Amino acid sequence: MELSHILPQKTLIIVFAVIIFYFVFISFTGIYFSRFSSNINDFFFSGQRFSWWLPAFSMVATGIGSYSYLKYSEQGFSTGMSSTMVYMNEWFVLPVFVFAWLPVLYYNRIKSVPEYFERRFNRTARYVAVILILAYIFYYISYNLYTIGLALDGLFGFSPIYTVPIVTFILGFYVTFGGQTAVILTDLFQGLMLYLAGFLVVGFGIYALGGIEEFWSYLPLSHRLPFASLNADPYFNSVGVFWGDALVGSAAFLFMNQGILMRFLSIRSVKQARITALFNVLVCLPLSALTVGVAGWIAKSIITKQESIGSALSGYEALSVTDTYSVFINVAFEVLKQQELLLGLVIAALLAALMSTVDTLINASAAIGVYDIYKPLIRPNENEKHYLRVARGASALVIGISLLLVIWFFRQKGTLMSIHYKGIMTIIPPVVITVFIALFWRRFDALSAILAMVVGGATTVLTGIFPEPVLWLRAFFMGAESGDPIYFRAVFGSILTGVIGVTACLTRPLWSKKDHVETPGLTADTLDKAMSFFKGGAPNLEPGQQVKKLKLSLDSKLNKEEIGLSQKVCDLLKAKRGDQIYVSDNRWWLGGIRSGHFVLKDIYDDGDDKLLLFISEEGVKRAYMLLDRKVFLEKII
């Protein structure tokens, strides 16, 4: 169903005007915030300066990709409320993430998962992980670009041959120049747009049906259930979603998705990052599940009512769903076609979804290219400006490779869900399971990790040709139904990787004391050493309070990473010399854009009971702060 087939010319003009304004606004927003990326740390991690809420809301747009409206509306139309299952699973692995994986990465200043593998094991392990993680990211990017083509074809009838490269160029434009800060700020706006679009379609859809009672009464009983059939449907069932997505897919999202990890590593402290993780799981993901899936429920209820009354709904044309992946588009057009501006906003939000996940992953893969390939292997001793140029070039290269991979997706058959999981569930297990074992078992050594990833990964890939082991496992877990075991390939790979890694480690000689001290701070039981590494000394964990509305005073004796405080401020913060202090513009709504971390160098005790902060002019510039604006302080560690 194309816009030109169902909308009058005046409505089309308004819709296109909204879309063009949106694209221009997003592009210029991204370019504007490129001014906050003066070095490689800013480009990829925004200087680790943001407050919790900014990455939290921007992750909405990362979690809702170009495939989400299409895939989950399609699933909602087929199975109803169980379409929310895949957005509600992160709580299974959340405790391990917030109390082990996140602090290990943050306190050790680790920039990527492959870097963790080198520091925990050796360089060979790092580059095995690089191959697997880049395969995961490129698959995700190309899948998103593929669904961009499907969506724009459904919206406008434009061939993907033209639309995919054009949209990808727009994405690459602001990501290449703006980096992580541009991605987070544009995704913050896009996340709000996504929620607005989803709930507009829900609200007007329920209105078209005649109210909530009508919507609910015409929704089939099977679609009102929160879980899909236990195991009857081989392509979408509760058992499969649990084993394949809850325990494997959710782990991948938090443990090996470089784009998501970079969001958490852009936050100003581990405490704030933990708040982000909790907010994401408890608030954002449930809202996202409703945003992308409810259109399918609305479509099912409308079609059921049409069949019951024998005609279209009063005031509307008959709704039909020929291609299930276009459910969201069909419902939005039908219930909003008399509301030109709102329809334009919804279509612009759909385009935001098309862009929002891809920009994060482009930035993530460029980070791996710089930190894990270029910097350690090609030019290890260059300055920050050189690496910043390489980072932008790496973003452009990622875009080109991903565009080529889109060709493979257009040759695939099956539902969007099955195409998605066909690749993702094969790539995930070797890395995720190896990370889990490495975090909690210090004896786990390099050779065991490499064998687990290589043999486990290769064997899992081969199950695409020889599926018998996966079919046996599937029968063991859920009965011998026929069909493509898309979820259980991940379970098989996880079990195999774990067995190989543990067996290889147990059959090697017991570790020595020297081995014991090679990985301090890189396991869950050595976080105290990680905190000491992060600070460069013993951590100060005595709780203090924030100090607000301080004026900046210049002191040329301090370097750009140091500050001085009066004794009164130190007493409030419970801070000592050498502690790490976070200094931020006092305007909370900036979210930490103008802020930075500093080392407490000097404490001024002249007997005057004043709140004083001293900083160098270079320090002000480094943190993008303004001398005429007051700041607040917080002790980090």
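This is a predicted model: local features need pLDDT of at least 70, side-chain atom pairs count only at pLDDT 80 or more; totals for chains, interfaces and linings use all residues.
View 1. In general terms, a disulfide is a covalent bond that joins the sulfur atoms of two cysteines.

**View 2. The salt bridge between R268 and E634.** The side chains of R268 and E634 meet in a salt bridge, with an N to O distance of 3.0 Å. R268 lies in the loop between α13 (258-264) and α14 (270-309), whereas E634 belongs to strand β7 (residues 631-635), so the pair ties together parts of the chain that are 366 residues apart in sequence. R268 counts as buried at 4% relative accessibility, and E634 is buried as well, with a relative accessible area of 15%; for both residues the assignment follows because buried means under 20% relative accessible area.

**View 3. The salt-bridge network of E118, R123, R126 and D372.** Four residues, E118, R123, R126 and D372, are linked in a network of salt bridges. Within this group, E118 forms a salt bridge with R123, and the closest N and O atoms of that pair are 3.3 Å apart. R123 counts as partly exposed, with 37% relative accessibility.

**View 4. The salt bridge between D585 and R587.** The side chains of D585 and R587 meet in a salt bridge, for which the N to O distance is 2.8 Å. Both partners of this pair, D585 and R587, are buried.

**View 5. A nonpolar surface patch to which helix α14 contributes.** F199, L278, L282, V283, L287 and L290 make a nonpolar surface patch of about 480 Å². Helix α14 gives the most to the nonpolar patch, supplying 5 residues. V283 has its place in helix α14 and, at 31% relative accessibility, counts as partly exposed.

**View 6. D528 in helix α23, shown with V104.** D528 lies in helix α23, which spans residues 527-535, and is partly exposed, with a relative accessible area of 45%. Although D528 and V104 are 424 residues apart along the chain, their C-alpha atoms are separated by 9.9 Å.

**View 7. The largest cavity and the residues that line it.** The structure holds 6 cavities of 30 Å³ or more, and about 260 Å³ of space lies in the largest cavity. This cavity is lined by 19 residues, of which V86, E90, Y140, D245 and F253 are the closest to its centre. Three helices, α8 (123-156), α12 (238-255) and α18 (416-440), each supply at least two residues of the lining of the largest cavity.

Conventions
Residues are numbered from 1 along each chain as its sequence is written. Side-chain values use heavy atoms; hydrogens and water are left out. Buried means under 20% relative accessible area, exposed over 50%, partly exposed in between (1.4 Å probe, protein chains only). Helices (H or I, at least four residues) and strands (E, at least two) are DSSP runs, numbered from the N terminus. Patches are made of residues with over 30% relative accessible area and no salt bridge: like charges are joined within 9 Å, nonpolar side chains (Val, Leu, Ile, Met, Phe, Trp, Tyr) within 5 Å. Accessible areas come from the Shrake-Rupley method with a 1.4 Å probe; for residues, only the protein chains shown count as cover. On a 1 Å grid over the protein atoms alone, a cavity is a set of points where a 1.4 Å probe fits but cannot get out, and a pocket is an open set with protein on both sides within 12 Å along at least five of seven lines; lining residues have an atom within 4 Å of a point. Grid points are joined across faces, edges and corners, and a volume is the space filled by probe spheres set on the points.
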